[in-house]
Amino acid sequence: MKRILLTLLLTAACAAPLTAKNTPYEVTLPALIPAPQQVEVTGPYLVPLLKVKSTIDTTLDLPAEGYILETFRRGVRITAKDRQGEIWAYQTLRQLTDSRGLVPNVRIIDWPAFRWRGFMHDTGRNFIPVEELKRQIDLLSQYKINLFHWHLTDYPAWRIESRAFPQLNDPLYQRAGRDQGKFYTYGEIRDVIAHARKRGMLVIPEIDMPGHSTYFERTFGFGMSDPRGMKILEEAVGEFCREISAADAPCLHIGSDEVHISNPTEFMQWADSLVRAHGRTPMVWDPGLKPASAATIRQVWSEAPGYLETIAGGGPMVDSYMGYLNNYDPLSFVPRMLLHAPCGKAQGDSLALGGILCLWNDTKAPSVAEVLRNNGAWSGLLPFAERLWHGGEMPAGVPAHPSLYPDPETPAGEMLREFETRMEAHKRDLLRDEPFCWWPNASLTWRVSEPTTVGSDTSGLQWHTVYGGVVDVDALFSTLGIERPDSGVVWAEMTLTVPRNTVLRAQVGFEAPSRSNRISNGIGQQGQWETGSELWVNGERIAPPTWNEPGAYAFPFNTWAKPEEELPYTAEQLFWTRPSVALPLRAGKNTIRLCSRKVFPGQHWIFAVIPH
């Protein structure tokens, strides 16, 4: 096992400041994510990584997964509570080690605030090859993610080998164009589970039932909640559990959300008994069909205000309501996640288990890389890993609406700026080869008007100070108590000060369409920004990039189960993935001015200017 762990040290550290408390030495530590609970600099030296001595001590006075990492002149000593703690210590050591193989003199005492720190991939809608899953698991492990939630079935297909019912793997009954006929053999599933275990991660498979199962109805002519469907599921799930042991997968997620059936109580009692009969703990989505037992783990996905309070204390729960990656842009998701209290807690307990970050991609994906890029997987993962590992009370200054940025001068704003520094270091180093469409932007400040009509006269308008490179206009109006209009205009201004004449590149956008329902006004007409919005720098109009598909992809309706859902996103549809534009700036103060338009009721109204 030591050989496996030592291979984690092959990547150089991310060099950016991390504060170490109570130390007489002025040493700049690498940018560790997640930040350890306690860091003490014990000397002014950078020492060679000559020898690593690792010990597991189950009597160590730390929570599960905890470890102590100490560096000395002649080597490193790791004392871990358990094997996972040992793995996380090596991951921390990997981030501490620079390109010369040197590490600072430190003593780190570390443990997770929450037991469950998971990442979910939906391979039912878009298949992901085994080798790519394993590659991503390696990256997740770097950030002390300890659960891989594997969503194996959804509307298009059943992605599990089925010997009892091979027709479940028949492309004839699966959604056309959605990786028809592709599934994971039991050997491949065991391989992924074993790979994850070596990297400190538990796999939670999900067989979604009785909803999200169009393929099942096409295959058999009836639904899962039909007595005949339950009989088939009993054998199919039984086959899965015989092939994948309870030791390998002690939890089995059964979905149960977004479905209306005539026998919900009967079905959930049956499904609960089926999972428990195979020695597993059942897990369900909440909201969804009511679980049969208070001991069933609920994965909460509703973002409705007050929903958490209505279910708190009802049994073990996992937080996925902080937001799905596919519903938000990769920029504003960072403060949303970093300034979120998982399960409403500063740290986990027997009921507040932790969180799972979910990456749904309802639309057809042209490639796995686009799934990661379009949904901001890595820029979402880093603040999630920080929050779930480090925990802690929320600082003063957290905005009233999670989609807004904090004032940079508040403790919340200072926390965000400091984290952006570490995050940028990881973008340059450990994640340099990954699609990472994010740039620091927390310190930007706007004056934003209240809604008006299309006219350019802004006299008499009320203005408000808003922070961050992305402004969620709907969220702003919600906090101000302003009724959101079906259509309208806001004006915004920002000052950028530079020491000399220069040209900055910037990501600019006026909409953030979901990669789920695809509601969007589409790409702008040639020469125009989307929604007909406008941008000026010092009075000079800034034109958008030259569009490859001007006017395309305008869908002012939900595209679920419609032909439009099969149109993959292209780079220019999302402001964070398309080409940047040039902002010519002169020495001194420069005025960025924009007009952002909302053109139909369902549009996600935002504007973004991200210089980089």
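This is a short walk through one protein chain, from its overall form down to single residues.

One caution before anything else: the model is predicted.

Let's start with the whole chain. It has 612 residues, and a compact globule of that length would have a radius of gyration near 25 Å. The protein chain has 25 Å, so it agrees with that expectation. Taken along the principal axes, the C-alpha atoms fill a box of roughly 70 × 65 × 40 Å. Of the 612 residues, 59% count as buried.

Now contacts. Residues 24 or more positions apart account for 74% of them.

Next, surface and charge. The accessible surface comes to about 23,400 Å². Carbon and sulfur atoms hold 51% of that surface. How many positive and negative side chains are there? There are 60 positive and 68 negative ones. The centres of the two sets lie 6 Å apart.

On to secondary structure. The chain has 13 helices and 25 strands. I'll pick out two groups of strands.

Look at Ile68 here. Its bridge partner in E4 is Thr79. In E5, Ile68 stands opposite Ile109. As background, strands of a sheet pair through backbone hydrogen bonds, either parallel or antiparallel.

Now backbone geometry. Most residues other than glycine have a negative phi, and most peptide bonds are trans.

Cis bonds come up now. A cis peptide bond joins Ile33 and Pro34, with omega about 0 degrees. Pro34 sits in the loop between helix H1, residues 2-6, and strand E1, residues 38-48. Another cis peptide bond joins Met209 and Pro210, again with omega about 0 degrees. Pro210 is in the loop between strand E10, residues 202-209, and helix H5, residues 214-220.

Then positive phi. Lys144 has a phi near 60 degrees, and it is not a glycine. Its loop runs between helix H3, residues 130-142, and strand E7, residues 147-151. Is Lys144 buried or exposed? It counts as buried, because its relative accessibility is 1%. Thr531 also has a positive phi, about 60 degrees, without being a glycine. You'll find Thr531 in the loop between strand E20, residues 502-511, and E21. Thr531 is buried as well, with a relative accessible area of 7%.

Two more residues, and then I'm done.

Ile160 lies in the loop between strand E9, residues 157-158, and helix H4, residues 186-198. At 0% relative accessibility, Ile160 counts as buried. What does it touch? Leave out residues up to four places away in sequence. Its contacts then include Leu152, Phe183, Tyr184, Tyr186, Ile189, Ile207 and Phe240. Leu172 is 12 residues from Ile160 along the chain, and their C-alpha atoms are separated by 16 Å.

Leu202 is in strand E10. Leu202 is partly exposed, with a relative accessible area of 27%. Beyond its neighbours within four places in sequence, Leu202 is in contact with Asn146, Leu147, Phe148, Asp248 and Pro250. Its C-alpha atom is separated by 8.4 Å from that of His149, 53 residues apart along the chain.

That's the tour. Questions are welcome.

Technical notes: Residues are numbered from 1 along each chain as its sequence is written. This is a predicted model: local features need pLDDT of at least 70, side-chain atom pairs count only at pLDDT 80 or more; totals for chains, interfaces and linings use all residues. Side-chain values use heavy atoms; hydrogens and water are left out. Helices (H or I, at least four residues) and strands (E, at least two) are DSSP runs, numbered from the N terminus. The radius of gyration is taken over C-alpha atoms; the globule rule is 2.2 Å times the number of residues to the power 0.38. Buried means under 20% relative accessible area, exposed over 50%, partly exposed in between (1.4 Å probe, protein chains only). Contact means heavy atoms within 4.5 Å. Accessible areas come from the Shrake-Rupley method with a 1.4 Å probe; for residues, only the protein chains shown count as cover. Lys and Arg count as positive and Asp and Glu as negative; His and the chain ends are not counted. The place of a charge is taken as NZ of Lys, CZ of Arg, CG of Asp or CD of Glu. Two strands pair if DSSP finds at least two bridges between them.
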